[in-house]
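Please examine the structure shown below alongside its sequence. The paragraphs that follow lead through its parts in turn.

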Amino acid sequence: MILPQDTYLRLFGVDRELLDRLVAAALSEGGDYADLFFEDTSYRDLLLRDGVVASGGSHIDFGVGIRTLKGEKTGYAYTESTDAASMMDAARAAATIARDAPETGPYPTFPFPGKPNPAADRYPVEKDWRTTPAKEFLPLLERLEAIIRSRDSRVSKVIAMLSAQQSNILMYNSLGELKYDTRPCGTIAVSVVFSDGKSQQNTHVSRSFRCGAEMLSESLLQELADDAVRNLDDRFAARRPKGGQMPVVMGAGASGILLHEAMGHAFEADFNRKEQSIFSDKMGRRVCAENITIVDDGTLRGNRGAINVDDEGVPGQRTVMVDHGILTSYLHDRISARHYGVRPTGNGRRESFRYNPIPRMRATYMESGTDDPQAIIASVRSGIYVDEFANGQVKIGEGDFTFYVKSGYLIENGKLTAPIGDINIIGNGPEALSDIVAVGNDGKVDPGAWTCGKEQSVPVSCGIPTVLVSKLTVGGE
């Protein structure tokens, strides 16, 4: 949602003359570039545990962060007040922090002129979260719990949660660019514990979108309930398979978390600029098969990772990182773009005004290929199919990863057979990428509430089609 420019100026109590004075103060110790990031975020949340309200509330986060860049040094300061004196103090503090950096030459401007365009808004709001009465949320969560309990008699505990936030953002920099945005984000999630008297299974499902409270519908509740109880009998019957190196088919959608963690982070330009990424010397080179294209996209309408502009005022855009197997772009903020002599890709993101922007993903996914998903499975004589990943660990420099697989199936003679679970998938990101031998035609971006925690937390999304990795290590029996 993009409101009139004057709405943001009034909200933060500033005008162009004051903004220019703040930038001048931030540059007063010889800085090359400065920017201001104003934020007003309203949060609302409600949590229902077994039909009883366990917590709920609302709060507002308000303030401005001021950044000065000089050479390779960053000065950053923030204040929770936007009165002129407090902001001037923060601007001078940022200038002082950056002042001792050695000179490195002119700072590339990479201008992005023009005003935000409401007609191109990627997250229009029909029902404002801030003005929707809280009394509408409790019956919705109660309804969600009732649907889930009606689906299966083994439900023993249900925790349902609704959270929403709406952020008003104003940005100004030493290039004279004034950008503004209003960013909604709504999330509904449910965690369910099932018990058959002998063992327990648990599941967590969520949906998160950049839109207003209009996302809350009966069809959404039914969809969440379907996911919560899907393949429940198989979950109870699941066993750990025999471990070892074998082919692994990854299901479409949520398996994209492995793509995000094991490969996406290694494409972020700060890791490459510091030569900490396994891909730091591979620009322009083939890193995987010709049928693989990997994208980081800020333009998906209503998507959790969508942005109109990033947190440096750079327009959101679709960035192709791997184009038919060739590494063609890292994910850049203004600092890394300066280093590489390229334009920023709209990946400068931050958790709030208290944090410096750094290169971060948005919606990261692999594009669909041409292979039929069933044919991919049928091509495997002995291996596993995985469709639900949980937590994992990745070493960016080496590319090594370990992911916990919550559920999947054995593949025997081209067919899905016994359900499996409680296993680890172990591999190396670049090697796994080069070992993908089939890409399905069923690409899907998962709609769950994914959050990336690289030093600071930002909302993201991920996706992948069904893919076959010829060999990964499975940590089973």
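**Rings, sheets and cores**

One aromatic cluster is formed by Phe12, Phe38 and Phe62. Here rings of Phe, Tyr and Trp (for Trp, the six-membered ring) pair if their centres lie within 6.5 Å; planes under 30 degrees apart count as stacked, those over 60 as edge-to-face, and the rest as tilted. The model is a predicted one, in which local features need pLDDT of at least 70 and side-chain atom pairs count only at pLDDT 80 or more, while totals for chains, interfaces and linings use all residues. Residues are numbered from 1 along each chain as its sequence is written, and side-chain values use heavy atoms, with hydrogens and water left out.

The description now turns to a sheet. Six strands make up an open sheet with antiparallel pairing, in the order S3-S2-S1-S4-S5-S6. Strands (E, at least two residues) and helices (H or I, at least four) are DSSP runs numbered from the N terminus, and two strands pair if DSSP finds at least two bridges between them. At the edges are strand S3 (73–79) and strand S6 (200–209), each of which pairs on one side only. From one strand to the next, the twist averages 20°; axes are lines fitted to C-alpha atoms, for helices over the stretch in contact, and angles run from 0 to 180 degrees between N-to-C directions. Helix H2 (residues 16–26) packs on this sheet and touches strand S1 (33–49), S2, strand S4 (155–173) and strand S5 (178–195), its direction making about 110° with that of S1. Contact means heavy atoms within 4.5 Å. Helix H4 (residues 137–151) also lies across S1, S2, S4 and S5, and runs at about 140° to S4. Within the sheet, seven bridges pair strand S2 (residues 52–70) with S3 in the antiparallel sense, and Ile66 stands opposite Ala77 in S3.

The loop between S1 and S2 contains Asp50. Most residues other than glycine have a negative phi. Asp50, by contrast, has a positive phi, near 50°. Its relative accessibility is 30%, so Asp50 counts as partly exposed; buried means under 20% relative accessible area, exposed over 50%, and partly exposed in between (1.4 Å probe, protein chains only). Asn231, which is not a glycine either, has a positive phi of about 55°. Asn231 is located in the loop between helix H5 (218–229) and helix H6 (232–237), and it counts as partly exposed because its relative accessibility is 39%.

A further sheet has mixed pairing: its five strands form an open sheet in the order S10-S9-S8-S13-S21. Strand S10 (326–327) and strand S21 (461–463) each have a single partner strand at the edges, so one side of each is left without a neighbour in the sheet. Strand S8 (residues 294–297) and strand S13 (residues 363–366) run antiparallel and are joined by four bridges; Val295 has Tyr365 in S13 as its bridge partner. Helix H7 lies across S8, S13 and S21, at about 110° to S21.

A nonpolar core is a set of buried Ala, Val, Leu, Ile, Met, Phe, Trp, Tyr and Cys residues joined through side-chain atoms within 4.5 Å. This core has 42 residues, of which Met250, Met366, Ile384, Phe389, Ile425 and Leu433 touch the most other members. Residues up to four places away in sequence aside, the contacts of Met366 include Leu259, Ile292, Ile436 and Val467. Apart from this core lies another, of 31 residues, among them Leu46, Leu162, Val190 and Leu216.

Aromatic side chains complete the picture. The structure holds nine aromatic pairs. In one of them, the ring centres of Phe389 and Phe403 are 5.9 Å apart and the planes stand at 85°, so the pair is edge-to-face. Phe389 belongs to strand S14 (residues 382–394) and Phe403 to strand S15 (residues 400–412), 14 residues apart. Phe389 counts as buried because its relative accessibility is 10%, and Phe403 counts as buried at 1%.

Charged groups also meet rings. The charged end of Arg350 sits over the ring of Phe37, 4.0 Å from its centre, and Arg210 lies over the face of Tyr123, 5.6 Å from the ring centre. A charge sits over a ring if NZ of Lys or CZ of Arg is within 6 Å of the ring centre and within 35 degrees of the ring normal.
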